[in-house]
Amino acid sequence: MIFTHFKRITRTGFVNFWRNGFLSFSATIVITLSLSIFGALIFGSAFGRALLKEVKNKVDINVYFTLDAPETGILALKKTIENLPEVAKAEYISRDQALTDFKEKWKDNSLILQGLEEIGDNPFPAVLNIKAREPSQYAGIAHFLESRDSDMIEKVNYNQNKLIIDRLGRIIPAAEKSGTLIAILFILVAIIITFNTIRLIIFTARDEISVMKLVGASNLYIRGPFVVSGIMYGIFSGVLTLILLGAFAYYSDVLVVRFSGIQGSSDLGLLANVFSSYFLQNFGQIFLIIIGSGIILGAISSYLAVRRYLRG
Amino acid sequence: MIYFDKVSKVYPDESIALDNVSFGVEPSEFITIVGHSGAGKTTLIKMLIAEDRPTHGTVFFESANVHKLRKSDISKLRRRIGTVFQDFRLIPNKTAYENIAFAMEASGRTDSEVSSDVPHVLELVDLGRKIWNFPHELSGGEKQRVAIARAIVTQPDIIIADEPTGNLDPINTFEIIKILQKIHKLGTTVLLTTHNRDVVEKIGGRVVTMEKGKVIRDDKHGKYVL
């Protein structure tokens with residue numbers, strides 16, 4: 001009997017969904033808008049994370065060595081630094097490499113290259129480029145380097161970068177907190193809009209519900225088909241939202257490249273194709289979030305909206 | 001079978017819908033309740049199907065106090081009562097077949113019972129050709145016949161018909177009354193409310209007359225005195 005009940009409830013829910021075409025269409029559109037808010041939050045947070053990563057990547061500290069510093073000593077220091085838990089990456093640029101890089105960079109400027117030749121010797125010091133895991137950790141790394149009091153170290157450029165590092169240290173947590181608050185606010189708005197739309201739809205069916213009660217249908221038997229229809233609104237809205245998000249992901253990347261005046265998307269660094277690659281890489285997770293939210297929103301809204309007509 | 005014991009209903013605005021009403025309905029009886037609009041006929045029926053609660057008094061269905069039943073038992077009670085209303089109360093987005101099938105499904109009947117009984121009962125009310133029509137595709141008389149088919153398909157203990165002919169022309173009115181009499185002859189108790197003198201005279205039988213919420217007459221042989 002339970003199976004028969006389930007079958008009848010599901011069938012009635014499906015039939016009602018198709019027969020109430022205009023109402024189902026309206027509910028699907030409203031839930032799609034709500035789910036698009038979820039999608040916008042997912043993309044917004046992905047873009048924010050990519051942006052922060054990009055900015056964090058641009059921040060580093062450089063250790064400049066004296067011209068006579070031995071390479072073995074520098075490489076030993078590099079190894080020590082790499083073992084620090086705060087350090088994400090340490091890159092050694094030898095004096096010869098620095099000279100080659102300089103020449104490559106200014107190969108079209110004969111004046112500069114002539115000036116370099118007049119100096120005669122290689123004027124560039126060896127450099128150790130260090131990237132920390134978090135911007136707040138640069139102070140500790142700089143302090144560690146300065147406290148070594150090594151004769152090899154000419155200069156650590158932490159103080160020049162200190163301003164931007166400190167600002168990032170404050171901005172990132174604030175951006176994360178306000179992003180979470182805005183997300184919660186938007187999610188609440190989406191839930192309220194969806195709930196009210198479904199409540200209106202069920203309001204139009206209140207006479208139908210009273211007839212069902214009159215013939216002795218149980219609350220489960222009355223409520224079930226409405227919940228099934230609610231789930232269908234959620235599934236259709238979810239699919240529609242995924243199509244919209246996919247289209248947005250693709251076209252926004254194309255537009256960013258077109259309007260930024262950049263020749264190739266590779267010039268955008270980590271921000272290149274941020275939406276489309278995020279969408280493709282996390283499609284399974286996005287699918288579950290969007291379709292799942294749609295189903296939950298539709299089912300719970302219908303369940304609650306019918307409840308008031310089942311009293312008495 | 002049914003007993004209204006000193007039932008009163010007073011609404012919050014202090015209007016009195018029922019005033020100390022007491023009478024009983026025996027099994028297999030055909031009872032007609034007559035009275036002008038606002039006499040309390042519909043309120044009485046709402047009490048019986050637990051759509052409303054009395055302010056004082058008790059309504060018994062067999063030995064059960066209707067207003068002390070749990071929600072699930074109210075659903076079971078309603079499955080034992082077939083109801084027909086003036087405004088038909090059909091589900092608009094279901095066909096004639098589906099409206100009747102819904103009542104059977106709600107009563108826990110199997111799919112094979114539904115598929116055999118619904119066409120049969122629609123034939124009984126002479127609507128075999130309109131089985132797949134939606135309510136908006138049916139005339140008033142046809143809608144009422146679907147409502148009667150829905151009321152009888154679960155073979156209830158009693159049929160309650162609240163002004164079932166109120167929206168119908170004279171021909172359809174007497175068609176509906178004939179169907180109700182046929183159901184009664186098969187042994188089902190029928191409780192009918194009306195303010196149509198011709199209907200009362202056609203039926204004969206017991207007539208309870210109500211006025212301003214009170215029972216003012218209870219005649220064993222149909223009399224319309226208003």
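Me: Two strands pair if DSSP finds at least two bridges between them. Which residue of strand 2 of chain B stands opposite Val10(B)?
Reply: Val10(B) faces Ile16(B) of strand 2 of chain B. This is a predicted model, where local features need pLDDT of at least 70 and side-chain atom pairs pLDDT 80 or more, while totals for chains, interfaces and linings use all residues. Residues are numbered from 1 along each chain as written, and chains are lettered from A and ligands numbered from 1 in the order written.

Me: How many bridges join strand 1 and strand 2 of chain B?
Reply: Strand 1 of chain B, residues 2-10, is paired with strand 2 of chain B through six bridges, in the antiparallel sense. Helices (H or I, at least four residues) and strands (E, at least two) are DSSP runs, numbered from the N terminus.

Me: What is the strand order of the open sheet in chain B?
Reply: The order is 2-1-4-5 in chain B, four strands in an open sheet with antiparallel pairing.

Me: Which strands of chain B stand at the edges there?
Reply: The edges are held by strand 2 (16-25) and strand 5 (64-65) of chain B. Each has a single partner strand, so one side of each is left without a neighbour in the sheet.

Me: Over to chain A. What order do the four strands of its open sheet take?
Reply: In chain A the order of the open sheet is 2-3-1-4, and the pairing is antiparallel. Strand 2 (87-93) and strand 4 (153-156) of chain A are the edge strands, each pairing on one side only.

Me: And how many bridges link strand 1 and strand 4 of chain A?
Reply: Three bridges connect strand 1 of chain A, residues 61-65, with strand 4 of chain A, again in an antiparallel pairing. Within strand 4 of chain A, Ile153(A) is the residue opposite Phe65(A).

Me: Where are the domains of chain A?
Reply: Chain A is split into domain 1, made of 2-56 + 168-310, and domain 2, residues 59-161. Domain bounds come from an automatic or database domain assignment. Taken over C-alpha atoms, the centres of domain 1 and domain 2 of chain A are 51 Å apart.

Me: What about chain B, where do its domains run?
Reply: For chain B the assignment gives 1-80 + 157-226 as domain 1 and 90-156 as domain 2. Their centres in chain B, over C-alpha atoms, are separated by 23 Å.

Me: One last item. In which helix does Ile187(A) lie?
Reply: Ile187(A) belongs to helix 7 of chain A, residues 158-203. The C-alpha atom of Ile187(A) is separated by 7.3 Å from that of Ile37(A), although the two are 150 residues apart along the chain.
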